[in-house]
Amino acid sequence: MTIDLISDTVTRPTKEMLDAMLNAKVGDDVFKMDPTVNELQEKAAKLFDMEDALFFPSGTMANQTAIKLHTQPGDKLICDKYAHVYNYEGGGAAFNAGVTCKLIDGNRGMFTAEQLQEAVAGRSDIHVPFSRLVCIENTTNKGGGACWDFAELEKLQKISKNNNLTFHLDGARLFNALVAKNETPKQYGALFDTISICLSKGLGAPIGSILLGSKEHIAKALRIRKLFGGAMRQVGFLAAAGMYALDNHVERLAEDHQKAKGIGAVLESVSYVTKVEPIETNIIIFYVDKSIGDTNFINKMAAKNILLTPMGEGKIRIVTHLDYTDNMHEVLLKELKNYQK
Ligand SMILES: *Cc1c(COP(=O)(O)O)cnc(C)c1O
């Protein structure tokens, strides 16, 4: 048995999800004639109470499309220094949209209204790249699954609006935040100009993301997705997995969160762990004693078929997910308690 905790993207479709995929009605989605894709997009738009939605093969492509549609080359976007759009999308903001990123030095991937105000203040003459876009990430990935305070997001939205900045949410793990904080998709739909969500993370679909926005934004996104090579044909087989995930795999995220807290409690109790970051959702970030070292610890665990991820600066990441069973949880807790240098 391998206990794979490198990410919540490692899940396989369940039997029920596979059945839904096999039974999907499909058509050519480039001609907008795939009924399952159309249904998924309508369902998602309705869920968030936004005008329109578009299915994407990946979260990266959905975010990159949003960045491209909100900006012109030479502009800048504002995000946290930990942001996925800056750190983990291959430099796509520069490559695809020709924009630079102004990084805010936030806390666990989150910044305050004061910090955004500071970032947008100052000169706006010909020397300075125009600020066009603010990107928020909820939950934060590199920040260890942290959830933003909604009241702070409302303040950030006001500042964005007052400064003619569009407001994009990288919601790859938004459903984890919604479940953890008891919030609704509609609250977020009312706040952001565009939102990307991933179906292939905690929700357990094999592939797929959705970009949500106004009719005007999604019409632009449709063209940009084509330009990026993301227009697909009988993709309803995959949209069916996404639909199944939205219907069946949202509320159960609470189980992943509970297991993550259980792992955190054990890590707090063992002497070789020097720090555990606060655990709000399904991501655990912790540090082991320097005499052990993160790489060595990860290798030793891998030898026991327990797979963890190094996140740099000594950080070790564990992510719980749909395929992480109760039995695996017991084995992991025992191995963590009994770990010997
Ligand atoms: C995973 C992730 C994405 C997109 O990932 P893909 O692998 O391209 O689907 C975007 N943002 C965050 C915060 C993520 O964790």
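This is a predicted model: local features need pLDDT of at least 70, side-chain atom pairs count only at pLDDT 80 or more; totals for chains, interfaces and linings use all residues.
## The sheet

Seven strands form an open sheet of mixed pairing, in the order β2-β8-β7-β6-β5-β3-β4. Strands are DSSP runs of E, at least two residues long, and helices are runs of H or I, at least four long, both numbered from the N terminus. Two strands pair if DSSP finds at least two bridges between them. Residues are numbered from 1 along each chain as its sequence is written, and side-chain values use heavy atoms, with hydrogens and water left out.

Strands β7 (residues 194-198) and β8 (residues 209-213) pair antiparallel over 4 bridges. S196 has L211 of β8 as its bridge partner.

## The ligand site

Twelve-letter lists aside, the shell includes S58, H84, E137 and R173. Helix α3 (residues 59-70) gives the largest share, 3 residues.

Polar contacts are pairs of N or O atoms within 3.5 Å; within protein, one must be able to donate a hydrogen and the other to accept it, and residues adjacent in sequence count only if both atoms are side-chain atoms. The side chain of T60 places an N or O atom 2.6 Å from a ligand oxygen. For the side chain of K201, that distance is 2.9 Å.

Key: A residue is near a molecule or strand if one of its heavy atoms lies within 4 Å of it.
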